[in-house]
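Please look at the structure shown below before reading on. The paragraphs that follow go through it part by part.

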Amino acid sequence: MTGPPRDTVAFAGASPRTLVIAKPSTRHLLIAAMLVMALVIPFVLKSFFVFQLTLVMVYGLAILGLNLLTGFNGQFSLGHSAFYGIGAYTAAILMEQLDLAYYWTLPCAGAVCFLVGFLFGLPALRLQGLYLALATFALATAMPQILKFQPLEPLTGGVQGIVIMKPDPPPGVPLNADQWLYFFTLAVLLVMFAGATSLVKSRTGRAIMAIRDHPIAAATMGINTALYKTLTFGVSALYTGVAGALGAIAIQFVAPDSFTFLLSVSLLVGLVVGGVGSIPGSLFGGVFVLFVPNIAERVSTGLAGAIYGVILLLVIYVMPSGAAGFVRFAAARLEAKGKPR
Amino acid sequence: MKKITRRSILTAAPAAITFIALPARAEKQYGPGVTDTEIKIGNTVPYSGPASSYGTIGKAEAAYFRMLNDQGGVNGRKINFISYDDAYSPPKTVEQVRKLVEEDGVLLMLAPLGTPTNSAIQRYLNQKKVPQLFVATGATKWNDPKHFPWTMGWQPNYQSEGHVYAAYIIEHQPSGKIGVLYQNDDFGKDYLRGLRDGLGEKAKSMLVVEAPYETTDPTVDSQIISMKSAGADVFVNTGIPKFAAQAIRKTAEIDWKPLHILSSVGNSVGAALKPAGLENAKDIVSDFYIKDPTDPQWKNDPGYQQWAAFMDKYYPEGDKTDAGNVVGPSFCQTLVQVLKQCGDNLTRENIMKEAANLHDFTVPMLLPGIKINTSPTDFAPIKQIQMARFDGERWKLFGPVLSGEISG
């Protein structure tokens, strides 16, 4: 295999195994604590912050999609903004044209993206590493223009985009729209994360990772590399597409300019910062993608871009294997200290 | 309607307020973000990303409010101008605007920039009843007080420019055959719609070629050739600078000499005419509403001098040839007028009421004679423009100030 994927192997190699070995009790406690926090937060904090957290989960889910492809299967993609956009537009068009309820748009967006991802995965089979990155880059650059394309305008609304209504909580539920959307997103997120975790732990997951670690060996062991690679592409697109649909519902607006190549780069940054090949790390990636540009801007409006760059460099320097790697490292350190010498 | 000047408003303000705020005579009424000493105002501009060249507008606005605060603010209140980067990305705009409204608690949004970005926040702001004032985009849809009573435009919209072109053509080439080059999106179609409405009955016979281009097209050569071969003798060129320049060049190359009308979007000397060749651009007609800061005829104009002095003192690093630095402070000045009219009744409702109550107001960098007028049914502050002809070096204004408003 060519250069770049090997790096990801280095980042990710140990992740799933160490996670399993790490003390399950502390880990479960931590997850439980986080869940409780997640349930309490919307009642304590302002609705704007609740909305931001909803977006964090949306980006986290999109990054998880990319992670399945890049972190676990070793395939590169700069085109995930396109899948995110397709998911968002599928949701928006279904809600606008067919008056479909917002929750039904998620499976539809997932299905459409799975299909597109799977089909795109077919030619991508022949491409590896940087070449695949380029091919997916093409997809990302094409997407905004396809969305503006004249014949599709009755459907996509052209450059104007589509404005959608924010879903109200079901009658009788004492929540405001932001809180409701937060819990809805949280529920989807938990289901999707659980799905990804069990996928990675399964026989299929091992096959997917075997292809990343050594495609030839994997093939020799009887793994249908072509099938698994295209399927991973499809599943990855599905995750990102569902995130796109959730994002469209939260933002209440889709336009071609929302799904440019820059979004792909943001997702990639989130992936690396969160931890390549780490499922919970994806969520941290979402936090980074959403909050760090705001922090950078607070420091200096004129130099926001430069400060963002500096923060990114620092993060990569301090946490070379992403947030997930950092947590594992810190946990290992603490454990070593606690043990008698 | 009675004419109102700035001074008469100041004297009449207390009286006006009694009418507006019936029971609370002389009592202060504040919306969110207002205190006795401060008014919080929100804004989004792309400081980063593909459209970051517009970032200077936000900086010029911030500089303007710095100057205003140094001079004592508005009615004794300082302006706290909070401007965030949205990178021209609609989801980011939604996030930043929600932050401004819900967290920073601004009274209103001033001049958020961009058509897709403003579309993304329009419904939210109207639901929350937060004024979205003087949006920095020329789309026609911002003038829709019936459906969006909290959103107001500022600059002449593309459609009213189209009206003016139609009037100009009817006057100068009444039996002309018109070819139109337009971008295949809202912005281009706004021009086309304005032109067609302006021509009225005559549109059918006069508009011979409607040639759209996509921003992805490499050139617009074939569109120009098709116009010439269709016998058009009027060319309305509404392209963005890149395509406007190509069209000007091609017109010269194929030796086609129509009455060439260039829209304000593509009339930058630096961005469009120079690349097309200044000699090719001679005699082209276009329209303006602000003073071009590079035009030497304004050197001794008090409005220009005032602006230049402001730029030197408060925004010295700003580019004085960039029209964005002219527009930014002008947005601010219009808002300041609205705030003055509001007096001590600074509720969001009253802001909208006074924003829709501007009469013959002007700011220093608008062309002489161009007035800002609004009413409860008219949310398009600037509707007038003046035509100019390119003399091979620079634009020369001519004729009267024209109105894009064609009633009926």
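In chain A, the loop between α12 (225-251) and β2 (253-254) is the place of A:Gln252. The model is a predicted one. A:Gln252 has a phi of about 65°, a positive value, although this residue is not a glycine. Most residues other than glycine have a negative phi. Is A:Gln252 buried or exposed? A:Gln252 counts as buried because it has 21 C-beta neighbours inside 10 Å, and the cut-off for a buried residue is 20 or more.

Chain B also holds a non-glycine residue with positive phi: B:Ala87, where the angle is near 55°. B:Ala87 lies in a loop as well, between β3 and α3 (90-104) of chain B. With 28 other C-beta atoms within 10 Å, B:Ala87 is buried.

In general, strands of a sheet pair through backbone hydrogen bonds, either parallel or antiparallel.

The pairing of β2 with β3 can be followed in detail. Strand β2 of chain B covers residues 38-45 and is joined to β3(B) by eight bridges, the two strands running parallel. Within the sheet, B:Asn43 stands opposite B:Ser83, a residue of β3(B).

Now take chain B as a whole. Its secondary structure comes to 13 helices and 13 strands. The C-alpha atoms of chain B fill a box of roughly 70 × 45 × 45 Å along the principal axes. How does the radius of gyration of chain B fit a compact globule? A compact globule of 408 residues would have a radius of gyration near 22 Å, and chain B has 22 Å, so the value agrees. Of the 408 residues of chain B, 52% count as buried. Among the contacts in chain B between residues at least 6 apart in sequence, 69% join residues that are at least 24 apart.

Conventions. Residues are numbered from 1 along each chain as its sequence is written. Chains are lettered from A and ligands numbered from 1 in the order in which they are written. This is a predicted model: local features need pLDDT of at least 70, side-chain atom pairs count only at pLDDT 80 or more; totals for chains, interfaces and linings use all residues. Two strands pair if DSSP finds at least two bridges between them. Helices (H or I, at least four residues) and strands (E, at least two) are DSSP runs, numbered from the N terminus. The radius of gyration is taken over C-alpha atoms; the globule rule is 2.2 Å times the number of residues to the power 0.38. A residue is buried if 20 or more other C-beta atoms lie within 10 Å of its own, exposed if 12 or fewer, and partly exposed in between; C-beta atoms are placed from the backbone. Two residues are in contact if their C-beta atoms, placed from the backbone, lie within 7 Å.
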